[in-house]
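Visitor: I have not looked at this one before. Can you walk me through it?
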Amino acid sequence: MKQSELDLFTTSERHQAIWIGKSSAVLPLFALAEVETLLPALRQIIRAAPLRHMITPGGQQMSVALSNCGDLGWVSDRRGYRYTPLDPLSNQPWPALPEVLLELAARAAEAAGFAPFTPDACLINCYVPGNRLSLHQDRDERDYSHPIVSVSLGLPAIFQFGGHQRSDRAQRVSLSHGDVVVWGGEDRLRFHGVLPLKPGEHPRLGQRRINLTLRKAGP
Ligand code: MD3
Ligand code: FE
């Protein structure tokens, strides 16, 4: 569908949730109306807390570059994965979570049946062609009863949504610029990953994909 055709739909029609699990839904283009507010906010965050390649506890450098905003940020080094209130690069608090992102995440969670959602952590993942995220579970948060909201920007990616065992067959879900996904409940600990990003040029973000993952990580 072309953007001109999408404009004919009302907001609620455009954001019909597509359920990919019992408690996980894709909200196609849910973030599109906020992108032009989000991008300058992101640029400012990345200026204060630059994207960097973290080292995994196994000693490998991650291919995806990352940063964070919010009260807590996800970090990885030889000692393990964890959430920290300070950016280890600057020893300063992570930049604040922009209002537009807090509000978008809360509305998306509500649209998928998880209200209220008050995230305190936003992980910013930046992919360039060839970058991937191998199958993993998100287990570094304190309380798995909170959902996770993810916002995709830039180049499209194929997301792998597996089961509770690494060896479970994964379904593939294509995520494009402006798509939002909400994961929760019994799907919260499912294995997931991102296949190597295909080369391309996005009109707004260039040769990149940015994924924002909003979580409630702390108490
Ligand atoms: C499914 N990031 O940073 S977020 C991650 O596109 C991560 O950068 C992906 O996985 C990305 O940890 C996708 C989507 C996500 C997050 C948590 C989940 C999917 C999930 C928890 C359970 C199931
Ligand atoms: Fe993850």
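Guide: Some terms to begin with: helices (H or I, at least four residues) and strands (E, at least two) are DSSP runs, numbered from the N terminus, and two strands pair if DSSP finds at least two bridges between them. The model is predicted: local features need pLDDT of at least 70, side-chain atom pairs count only at pLDDT 80 or more, and totals for chains, interfaces and linings use all residues. Residues are numbered from 1 along each chain as its sequence is written, chains are lettered from A and ligands numbered from 1 in the order in which they are written, and side-chain values use heavy atoms, leaving out hydrogens and water.

Visitor: OK. How many bridges join E1 to E2?
Guide: Three bridges link E1 to strand E2 (residues 24–27), and the two run antiparallel. Opposite Ile 18 stands Val 26 in E2.

Visitor: What order do the strands take in the open sheet of seven?
Guide: The order is E1-E2-E13-E10-E15-E8-E3, with antiparallel pairing. Strand E1 (18–21) and strand E3 (65–70) are the edge strands, each pairing on one side only. From one strand to the next the twist averages 20°; axes are lines fitted to C-alpha atoms, for helices over the stretch in contact, and angles run from 0 to 180 degrees between N-to-C directions.

Visitor: Which helix packs on the sheet?
Guide: Helix H4 (residues 99–111) does, touching E2, strand E8 (121–127), strand E10 (148–154), strand E13 (180–183) and strand E15 (209–215). Contact means heavy atoms within 4.5 Å. The direction of H4 makes about 120° with that of E10.

Visitor: And the open sheet of four strands, what is its order?
Guide: That sheet runs E9-E14-E11-E12, again with antiparallel pairing. Its edge strands are E9 and strand E12 (171–175). E11 and E12 pair over five bridges, and Ile 158 has Ser 174 in E12 as its bridge partner.

Visitor: Switching topic: how much space lies in the largest pocket?
Guide: About 810 Å³. On a 1 Å grid over the protein atoms alone, a pocket is an open set of points where a 1.4 Å probe fits, with protein on both sides within 12 Å along at least five of seven lines; lining residues have an atom within 4 Å of a point. Grid points are joined across faces, edges and corners, and the volume is the space filled by probe spheres set on the points.

Visitor: Which residues lie nearest its centre?
Guide: Of the 40 lining residues, Leu 133, Ser 134, His 136, Asp 138 and His 192 lie nearest the centre of the largest pocket. Strands that each supply at least two lining residues include strand E9 (133–136) and strand E14 (192–194).

Visitor: Where is the cis peptide bond?
Guide: It joins Ala 115 and Pro 116, with omega about -5°. Pro 116 is in the loop between H4 and E8.
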